[in-house]
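Subject: Structure handover

Hello,

Here is the structure I promised you. Please open it first, then read my notes below.

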Amino acid sequence: MTKKVDDFRLHWGKQELVPIMIGGMGVDISSAELALEAARLGGVGHISDAMLPTVSDRRYDTDFVKEKLQQYKYNLNNSDKSDIKFDLGHIAESTRLHVGKTMEAKRGTGMVFINCMEKLTMNAPKETLKVRLWEALSAGIDGITLAAGLHLGSFALIEDHPRFRDAKLGIIVSSLRALQLFLRKNARTNRLPDFVVVEGPLAGGHLGFGMDWAQYDLRTITQEVIDYLKAEQLDIPVIPAGGIFTGTDATNFLEMGAAAVQVATRFTVAAECGLPKDVQQEYFKASEDDIEVNGVSPTGYPMRMLKGSPAIGSGIRPGCESYGYILDANGKCSYIDSYNREVELHPNEKKISVMDKTCLCTHMRNFKLWTCGHYTYRLKDTSRKLDDGSYQVLTAEHIFKDYQFSTDNKVALPE
Ligand SMILES: Cc1cc2nc3c(=O)[nH]c(=O)nc-3n(C[C@H](O)[C@H](O)[C@H](O)COP(=O)(O)O)c2cc1C
């Protein structure tokens, strides 16, 4: 009989889960509502810890961004942003709020994890990351997925936390080499990761590859990681991600020994997803030609997005006084340099354009950077076109169950 995802389970000790994990999507694209649906249906959902102060302002009526801007207003016209620091108390409080309220609302047998990106260096990489991880554990998150970075010292930041050995901790890698490096550097904590997400080149968001991403293949990397862990007798669940579009794609990975799959793009058009409705229609309408991998992210990683993203070419003033998540340990972000260069080149122009980099914080915050997976152009085949020409938004449950129960590369259309 043809197998389907539901014939498999993800096991952690006594815990048994549907082997479907919805990946983290910042900034609040993988919303609490979406993550909670995954948990209710017996799988794993992710909230994101990207820019939680602004997420908290939007959701819980706090004023963290306003307060930060007040404090640093004097610096708005200064190209040196090194003064701008985060209030660690604000980060802690916004993390406690978002994680705490999400976990309170959790129902069902699944889990909710938080996606935590090391590349959000926040002008004090270690201090800010420690607070984010620590407070997420304190507020009761089921697990943490360490993303966007090598995270060589991240476990050590929380090894004194009472939940260090009870919460599920995992990392995202895009190569066997990155995993080996992590395991070597992390050995001192005497704590293995509870899962490894292997993210291939077709994923959404930032890619763990160079611009030669197209030469890599998720299946090959996943097989290398599975073989290595087996040879080392390390029993760590391997979870491939990136371009797994149908239940059949997922089943193929489970049959080769993956413990679960991580998926995201299909859920960008779910009602519970944080993307505004009009942006979801852009995702539905996209054709293959409308999608590109480019270098506009100031993190230095290539990023996949819709070519029509308003963030591309936008020459807004750097938003560091309000945000500043990409500022490195020296208070620098490559968008600031690109912006200043264009201002100098066009001293008399009111509105300038910056093509090579984008103000990632402001544009992600405002849903103006439409990052997406490679197969976004297939989303139109997962729904119905309505009489007004728009596509029907799906429920997360519909998409989740389609992954769980479908066979023969079929995708179930909504009622
Ligand atoms: C809109 C969007 C935003 C994303 N944001 C993040 C993020 O903030 N952190 C992260 O680790 N991965 C991010 N990803 C990657 C996903 O978590 C996931 O691993 C990947 O997209 C899975 O591939 P698929 O989209 O083809 O299913 C994002 C993906 C999408 C589509």
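Start with the ligand. The residues of the shell around it comprise 15 nonpolar, 14 polar and one charged. Here Ala, Val, Leu, Ile, Met, Phe, Trp, Tyr, Cys and Pro count as nonpolar, Asp, Glu, Lys and Arg as charged, and the others, Gly among them, as polar.

Two notes before we go on. This is a predicted model: local features need pLDDT of at least 70, side-chain atom pairs count only at pLDDT 80 or more, and totals for chains, interfaces and linings use all residues. Residues are numbered from 1 along each chain as its sequence is written.

Back to the ligand. It is surrounded by 30 residues, and the closest are G23, A147, G204, G205 and G373. A residue is near a molecule if its C-beta atom, placed from the backbone, lies within 6 Å of it. Strands β5 (111-117) and β11 (261-263) each give at least two residues to the shell. Helices (H or I, at least four residues) and strands (E, at least two) are DSSP runs, numbered from the N terminus.

Next, the core. The largest nonpolar core has 122 residues. Such a core is a set of buried Ala, Val, Leu, Ile, Met, Phe, Trp, Tyr and Cys residues joined through C-beta atoms within 7 Å. A residue is buried if 20 or more other C-beta atoms lie within 10 Å of its own, exposed if 12 or fewer, and partly exposed in between; C-beta atoms are placed from the backbone. I144, V196, V198, I239 and V261 have the most contacts inside the core. Contact means that two C-beta atoms, placed from the backbone, lie within 7 Å. Leaving out residues up to four places away in sequence, V198 touches residues including V173, L218, V238 and I239.

Which residues of helix α3 (residues 64-72) are buried? They are F64, V65 and K68. Seen down the axis of α3, its buried residues fall within an arc of 95°, so they line one face of the helix. The arc is that of the directions from the helix axis to the C-beta atoms. K66 and Q70, on the other side of α3, are exposed. Among the elements covering the buried residues are α2 (52-60) and α4 (88-104).

Now look at a sheet. It is open, with three strands in the order β9-β13-β12 and antiparallel pairing. β9 (205-206) and β12 (291-294) stand at the edges with a single partner strand each, so one side of each has no neighbour in the sheet. Strands pair if DSSP finds at least two bridges between them. Four bridges join β12 to β13 (residues 303-306), and two join β9 to β13. M303 in β13 stands opposite N294 and also opposite H206. M305 in β13 faces E292. Both faces of β13 are covered: M303 and M305 on one side, R304 and L306 on the other, are all buried.

Last, some backbone details. Most residues other than glycine have a negative phi, and most peptide bonds are trans. A cis peptide bond joins G26 and V27, with omega about -10°. Phi is near 55° in M51 and near 55° in Q233. M51 is buried, with 23 other C-beta atoms within 10 Å. Q233 is exposed, with 6.

Best wishes
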